[in-house]
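Please consult this briefing alongside the sequence and the model.

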Amino acid sequence: MGAWISTWTTDPADRSLPVLLCLPPAGAGCQQFRSWQPELAGTAQVYGVQLPGRENRWREPMPDTFDEAVLAIAAELRDLVADGRPLIVFGHSFGGLLGYEVSRRVAPRALVVSGCRAPGHWDGAGRGIVDDGEELDKLFDTAGLDPELLDEDTRALMVAMLRKDAQLSLSYVHEPGVRLGMPVHAWGADGDETVSSADLDGWAAVTTAAFTRHTTTGGHHAVLRRPRPVLDHLTALLRAAAADRPAPAPTTTGA
């Protein structure tokens, strides 16, 4: 089996920097976060979570359950932060749900999610993709992709990965248990047709620390398509973590 967590720099000096762990949305690999490393040079070492079935792990079988994936990611992450390195977790859409469950096992300084339903709102999410694909075109559209312009092989690959990840999400059962003890930041977009305001507000219930809602303009994948606002936000959190300061005071923002 390949590694579940990848990075894009081998500079030994980066081992002294905080870790930013990035988890991609359903149907995607973590290479999209490679461009974040130069943006955060000197501030963090960026790592991406790579599920099987895509990019460098495309020949590997998917895990049988959501929990299996979470446990594998958490096991590798513990080694990365075993020396006390500060950790910030960022996850988009399905990656946000994975990031939440990983954060329950390896506590970061903050959890940042975007375009992601709160854990208690995930019951049945993704069933439309698995059963009849009614949500597929909506997801392509919000990503700025016209399904009519994708070549047949590319679309087939994207559909297959989306359906596998949607199937994995259906094995998720939220068990509230002990709440997180770190701040949670939820980013949403005003044109997102798949994640509602109520879905985002539900994140307040998962933490005993501060909860903050941030809003940007666009569709479901707006944060990834125009990442500058969230990168600025992550930079502030990472610098605070490196200085062992409390996270920046929560504010409601319109990015």
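The structure, a predicted model, holds 1 cavity of 30 Å³ or more. A cavity is a set of points on a 1 Å grid over the protein atoms alone where a 1.4 Å probe fits but cannot get out. Local features need pLDDT of at least 70 and side-chain atom pairs pLDDT 80 or more, whereas totals for chains, interfaces and linings use all residues. Residues are numbered from 1 along each chain as its sequence is written, and side-chain values use heavy atoms, without hydrogens or water.

**Cavity**
- The volume of the largest cavity is about 50 Å³, taken as the space filled by probe spheres set on the points.
- Its lining (residues with an atom within 4 Å of a point) includes Pro24, Pro25, Phe94 and Asp165.
- By class, 7 lining residues are nonpolar, 1 is polar and 2 are charged.

**His214**
- His214 lies in strand β7, residues 211–216; strands are DSSP runs of E with at least two residues, and helices are runs of H or I with at least four.
- His214 counts as buried because its relative accessibility is 5%, the limit for buried being under 20% with a 1.4 Å probe and protein chains only.

**Whole chain**
- The protein chain has 9 helices and 8 strands.
- Of its 255 residues, 53% are buried.

Key:
Buried means under 20% relative accessible area, exposed over 50%, partly exposed in between (1.4 Å probe, protein chains only). On a 1 Å grid over the protein atoms alone, a cavity is a set of points where a 1.4 Å probe fits but cannot get out, and a pocket is an open set with protein on both sides within 12 Å along at least five of seven lines; lining residues have an atom within 4 Å of a point. Ala, Val, Leu, Ile, Met, Phe, Trp, Tyr, Cys and Pro count as nonpolar, Asp, Glu, Lys and Arg as charged, and the others, Gly among them, as polar.
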